[in-house]
Amino acid sequence: MEVRRRVERLRQYMEEQGIQLSIIWDPDNQFYVTDFRAISYSRPILTFIDVHDVQLIIPKLEESHASERAQVDRTHIYYEQYAHRNLTLSYLEFVCRILKKIPRHSTIGIEMASMPASVYQFLQKSGYQLTDIGDKLIEMRSIKEEKEIECLRIAGRLSDLAIAESLSNVRVGISELEFDSYGDRVLLETASQQYANELIGYADWTCSGTERSVMPHLNSSTRKFADGDVVVHSRQVWYNNYRAENERTFLIGNVTEKQKDLLKLAIEAQQVGMNMIRPGIVAKEVDIATFNVFKKAGYADFVQHRVGHGLGLSEHEEPYLRFDNELILKEGMVYTIEPGVYVPGVGGFRHSDTVIVTNDGSFSITEYPREFEKMHFALS
C-alpha cells in the first residue's frame, strides 16, 4: 500500500511538470517505489513509471526474486546464458521498446546524480527532453512513514545490543576484528530468534590508536588494542533495508588528559546538536552550533566533516546537516548527529546517534550510553 501511494505521489509530480515517463536507476529509489532490491546491480536493473504502468527491467538471475517482491505491473527479462542466446540479451532492447510508446521530444524524468552518462546520452540522442527528478525523490524519502520509522526503531535496538556486547569485551590485546565479532554474533543471534523471515544486515568498522582513529572511515584491521588507545567504533544495522547508525569513541587505560578532554568535547558537541533537532530548525544551524563548540575550545581546524546526514535506505542520504543547507527540518526526517574532531598524534573523537524528528522535538533510536564515564575502560 505504501509503495503504491509513493508511485501516485510521483505521478502527480510528473503530471505537474509535464513528464511523460520516469526512469529510475538508483537501487534505493527503485526499492522505494517497487519494494524490490537486489544484492548486486552489476547487471543493470531499471524501473520505468508512466501514467499507467510501473515496469521493471531485470536480468534472468533476478526473476524469481522480483516475482516474489516487486510491486510492479510488468517485468521484462534479459538473458546472459548461452542456452538463451537467441533471446533478448541486453536491457537496452527493452528500453527501446518502452520508449517507442513515448513520442519523440517528450520529457523524461531521470536521476541526474545516478544515471550513467552513456544512458543519458542515449536518451538525449533519441530525441527526448531530460529533466531531473532526483530532488523530488529526495524530498519524498526524507519524510519517513510510520512503517519506515518502525523498521528504523528495530534497527536502532539491534545496533544497541551489538555495541553493548562489543564494548563489554574491551581489553588490551584483542584485535579490531575480534572486537567487532562479539557484537556481530549477538546481533545475528538476536535477529534470528526475534525476527523471523526478515531481511537484516549490518556494517561495522573499528579504528584504534592515534593514527587510525584520526581517519574516520577505515575498515577494521588486525591491529590489537593497547594501553592508551583511543578507539572509534562504528556500526550500521538495517532491518528490511532501513538503517540505524550507532558510533562510540572510547578510551583504554592510561590515556592523556588531552585525550580525555577531547572526548568530553565531542560528547558536548553532540549533545548540543541533539538538543537542537526539532521541526522548524534550519539544517545549517545544527552544523554551525556544533562546530562552534570545537571552535570555542580552539579546535576549529580539526573538524573534518558536517555534523550529520540523512538516514533511511542509504548508508548516507540527503538532505544533509551542513553549514550551507537552508532546509527547514520537518516531522518524520531522520538524521545522524555525529560531530567529530580529529587531532593528529592525539586521536579522533566522535559519537553518532540516529534521531527522528517528531511533531514537537526529536528522539534517538540509538540509546547506548554516551557519557564519558561509560567510555573510559580501565586496565584490569
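Analyst: On a 1 Å grid over the protein atoms alone, a cavity is a set of points where a 1.4 Å probe fits but cannot get out, whereas a pocket is an open set with protein on both sides within 12 Å along at least five of seven lines, and lining residues have an atom within 4 Å of a point. Grid points are joined across faces, edges and corners, and a volume is the space filled by probe spheres set on the points. This is a predicted model, in which local features need pLDDT of at least 70 and side-chain atom pairs count only at pLDDT 80 or more, while totals for chains, interfaces and linings use all residues. Residues are numbered from 1 along each chain as its sequence is written, and side-chain values use heavy atoms, with hydrogens and water left out.

User: OK, how much space lies in the largest cavity?
Analyst: The largest cavity holds about 60 Å³, and it is one of two cavities of 30 Å³ or more that a search of the whole structure finds.

User: Which residues line the largest cavity?
Analyst: Its lining is made of Phe31, Asp35, Phe36, Arg37, His65, Arg69, Leu199 and Asn241.

User: And the largest pocket, what volume does it have?
Analyst: The largest pocket has a volume of about 720 Å³, and of the 30 residues that line it, Phe31, Asp35, Arg69, Asn240 and Asn241 are the closest to its centre.

User: Which element gives the most to that lining?
Analyst: Helix 7 does, with four residues, where helices (H or I, at least four residues) and strands (E, at least two) are DSSP runs numbered from the N terminus.

User: Switching topic, at what angle do helix 10 and helix 11 pack?
Analyst: Helix 10 (residues 257-276) and helix 11 (residues 283-296) pack at about 155°, with their axes 9 Å apart; axes are lines fitted to C-alpha atoms, for helices over the stretch in contact, and angles run from 0 to 180 degrees between N-to-C directions. Helix 10 is therefore roughly antiparallel to helix 11, since angles under 35 degrees count as roughly parallel, over 145 as roughly antiparallel, 65 to 115 as roughly perpendicular and the rest as oblique.

User: Which residues make the contact?
Analyst: Among them are Leu265, Ala269 and Met276 of helix 10, together with Val286, Ala289 and Phe294 of helix 11, contact meaning heavy atoms within 4.5 Å.
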